[in-house]
Amino acid sequence: MSTQTAPATSAATSAAPAIAHSASGAPLVLNVTDVEKNFGGLKALNNINLQIEEGKTHAIIGPNGAGKSTLLNVCIGRIPPDRGVVEFDGVPLTGMAPHEINQIGVVRVFQTPEIFPDLSLLHNVMIPALSKREGAFRFNPFRSLAREHEIRDDAEHVLADMNLLEKKDLEAGNLSRGDKRRLELAMGLVQRPRLLLLDEPTAGMSRHDTNRTIDLLKRIKERGMTKVIIEHDMHVVFSLADHITVLAQGTIIAEGTPDQVRGNPKVQEAYLGGAHL
Amino acid sequence: MPTTPSFPKLQSELAIMAVFAAAVLTMPLWMAPFGAAYPDLLQKFAIYGIFAIGFNLLFGLTGYLSFGHAAFLGVGSYAAVWSFKLFTMNVLPAVVFGTLVASLFAVLIGFVALRRAGIYFSILTLALAQMSYNMAYSVLTPITNGETGLQLTQNDPRMIDHMFVDRGAGLPSTNLFGLEMSGYPGFYFCAVVLIIAFFISLRIFRSPFGLKLRAIKSNQTRMGYTGFNTRPHLLFAFIISGGFAGLAGSLLAITDPLAGAERMQWTASGEVVLMTILGGAGTLVGPLLGAGLIKYFENIFSAFNDSTLHEIFAFLPDGLESVVVFLVSPFVGEGWHLTLGALFMVIVIFLPGGIMEGLRRLSRLVRRPSAGRADQPQTQEG
């Protein structure tokens with residue numbers, strides 16, 4: 001898949017250094033090195049190193065207040081780290097505007113559904129598709145939306161994947177919460193991002209909806225998209241993740257495959273016996 | 001749940017334009033029963049219609065409420081009069097020049113004001129427009145001719161005209177290649193410009209650009225995370241909107257070639273906000289209806305006096321007639337603002353979508369009397 005470059009970022013991308021590789025030899029999509037972040041006296045993130053390999057699903061788990069959301073915000077450039085570097089494909093993300101980060105192929109799906117409530121579902125998904133095609137800005141007031149067949153087909157295809165196709169002409173604000181989250185996932189997927197960051201994709205969902213979302217995410221996995229998932233729900237994490245990082249009090253306390261993490265006594269302490277539950 | 005027509009058929013665009021053009025061009029006929037079929041007023045309908053259409057492209061699509069749009073109207077008027085003074089009495093260059101100058105002015109104002117959103121944007125546009133208004137009266141007097149207003153004089157250079165004809169004795173009048181722009185020709189010229197302006201608005205509404213503007217209104221932060229830089233989108237919408245206002249301003253100057261600073265005052269900015277909200281912000285024809293209604297009130301309703309009322313209520317018994325006239329008279333004539341204000345309040349409270357929402361509800365009632373309760377707001381178009 002080719003890297004999407006906006007005019008604003010093309011210079012940065014072309015000047016990118018050689019892409020780093022992980023110990024196992026797989027190319028790294030996201031490389032977090034020695035990141036530290038303090039809020040006042042609180043060490044929200046301390047010496048975080050994270051390597052996310054191409055095509056993998058990487059879960060970040062941890063008790064409340066462990067720093068998961070801060071880490072995600074650092075990863076998308078929303079919060080600048082006090083120390084350390086976050087690189088996507090070798091490009092540092094610090095200081096980039098949200099739209100620039102999106103244009104280089106990093107998409108975030110929010111914890112509370114962020115959609116366009118006044119527009120139809122189809123339009124909700126067509127907008128990110130347009131952004132993928134047009135870059136950060138295009139002035140096309142005389143093009144007819146009715147003639148954008150490719151964009152429309154693309155959007156309908158993704159909506160069908162999410163089981164939302166029959167609702168495509170409804171106003172998005174009227175959807176149930178579960179549907180809104182799936183719509184937002186569709187908005188992310190239609191851009192075919194290189195890296196998809198999911199912030200608790202199943203929070204507040206019923207068991208039934210959760211399982212449907214897991215199935216969906218599994219299907220995306222087959223397409224080879226790199227994903228980072230922040231999640232509370234262990235059922236979701238162990239069904240999806242290739243690799244798990246456990247955060248507690250701003251530090252990484254464990255890392256490894258699901259099986260390695262499950263058996264780790266430190267993790268069990270943090271989740272079950274520890275006082276920080 | 002309401003459904004939204006995501007993909008209007010292309011043919012329907014032609015149909016809409018045909019109906020719209022017919023309605024505008026036959027205005028002298030169907031406005032006659034309302035007592036409004038005289039060219040001056042019809043022309044005002046067309047001009048303020050253009051103003052409101054342009055305002056709606058900004059406010060209706062992006063949700064950015066500009067409270068200083070009259071500044072562009074004024075700039076357009078000044079530019080048009082300068083075109084009459086310097087170059088030619090032909091209205092075409094004046095209209096083009098007025099639109100361009102107002103658009104350039106919109107680049108400046110938009111660049112500053114669009115740094116903020118919401119109420120701060122409104123305040124910034126209001127402040128900048130009031131600043132322009134005051135400057136037109138003071139430091140910019142060489143350009144605006146201050147309180148007297150900018151008008152034509154015998155000694156204007158009129159370079160292009162004077163290459164072909166000698167100076168006449170009196171002041172020349174505006175024309176379109178020889179056709180004088182007073183009376184009905186003036187109205188039809190404005191009507192044609194209105195039809196073109198409406199067509200542009202229709203295309204923008206149905207373009208990817210228009211969709212992006214509506215998305216900005218719906219959730220601007222999300223647009224950033226979707227990969228769009230919202231600032232240039234907003235700036236272009238602002239420039240187009242300012243250009244429309246400048247176009248309207250230059251049309252005001254073609255029938256009456258003088259321009260005064262009072263056109264830039266905040267009350268004029270407020271008026272276009274009223275027109276748009278009254279008709280229905282974000283709809284295609286709503287702002288036009290609003291503009292027509294307000295101009296109708298201002299010109300016809302305001303002319304009603306007690307004797308007109310006595311005529312209207314003559315069918316009532318004498319005593320009752322006097323009582324009714326006494327009760328109604330504060331609302332007509334000079335009291336037309338009162339009626340308009342009351343109407344505005346009723347609409348904002350009961351029909352937040354303006355006249356267009358009222359019409360939509362009515363048509364739904366007529367079509368499906370049983371389903372008339374399902375009146376959640378639809379995605380706005382049409």
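1. What percentage of the 382 residues of chain B count as buried? The figure is 53%. Keep in mind that this is a predicted model, so every value here is computed from it.

2. Staying with chain B as a whole: its secondary structure comes to 18 helices and four strands. The C-alpha trace spans about 70 × 70 × 40 Å along its principal axes. For 382 residues, a compact globule would have a radius of gyration near 21 Å, and chain B comes out at 22 Å, so the two agree. As for how the chain folds back on itself, take the contacts between residues at least 6 apart in sequence: 75% of them join residues at least 24 apart.

3. Rolling a probe the size of a water molecule over the atoms shows where empty space is left. The largest pocket has a volume of about 510 Å³. It is lined by 18 residues, and the closest to its centre are Trp30(B), Met31(B), Leu288(B), Leu289(B) and Gly292(B).

4. Which helix gives the largest share of that lining? It is H14(B), with six residues. Helices H1 (10-25), H2 (27-30) and H3 (39-62) of chain B, like H14 (286-299), each supply at least two residues.

5. H3, strand S4 (258-259), H13 (266-279), H14 and helix H17 (336-350) of chain B each supply at least two. The lining of this second pocket divides into 14 nonpolar, four polar and seven charged residues.

6. Over in chain A, have a look at helix H6 (residues 177-189). At 1.5 Å a residue, its 13 residues should span 18 Å, and because the end C-alpha atoms are 18 Å apart, the helix agrees with that expectation.

7. Is H6(A) mostly covered or mostly open? Mostly covered: eleven of its 13 residues are buried. Among them are Asp179(A), Arg181(A), Arg182(A) and Glu184(A), along with Leu183(A), Leu185(A) and Met187(A).

8. What do those buried residues pack against? In chain A, the partners are strand S6 (106-109), helix H4 (121-134), helix H5 (149-161), strand S7 (195-199) and helix H7 (207-222). Chain B joins in too, through helix H11 (220-225).

Key:
Residues are numbered from 1 along each chain as its sequence is written. Chains are lettered from A and ligands numbered from 1 in the order in which they are written. This is a predicted model: local features need pLDDT of at least 70, side-chain atom pairs count only at pLDDT 80 or more; totals for chains, interfaces and linings use all residues. Side-chain values use heavy atoms; hydrogens and water are left out. On a 1 Å grid over the protein atoms alone, a cavity is a set of points where a 1.4 Å probe fits but cannot get out, and a pocket is an open set with protein on both sides within 12 Å along at least five of seven lines; lining residues have an atom within 4 Å of a point. Grid points are joined across faces, edges and corners, and a volume is the space filled by probe spheres set on the points. Ala, Val, Leu, Ile, Met, Phe, Trp, Tyr, Cys and Pro count as nonpolar, Asp, Glu, Lys and Arg as charged, and the others, Gly among them, as polar. The expected span of a helix is 1.5 Å times one less than its number of residues. Buried means under 20% relative accessible area, exposed over 50%, partly exposed in between (1.4 Å probe, protein chains only). Contact means heavy atoms within 4.5 Å. The radius of gyration is taken over C-alpha atoms; the globule rule is 2.2 Å times the number of residues to the power 0.38.
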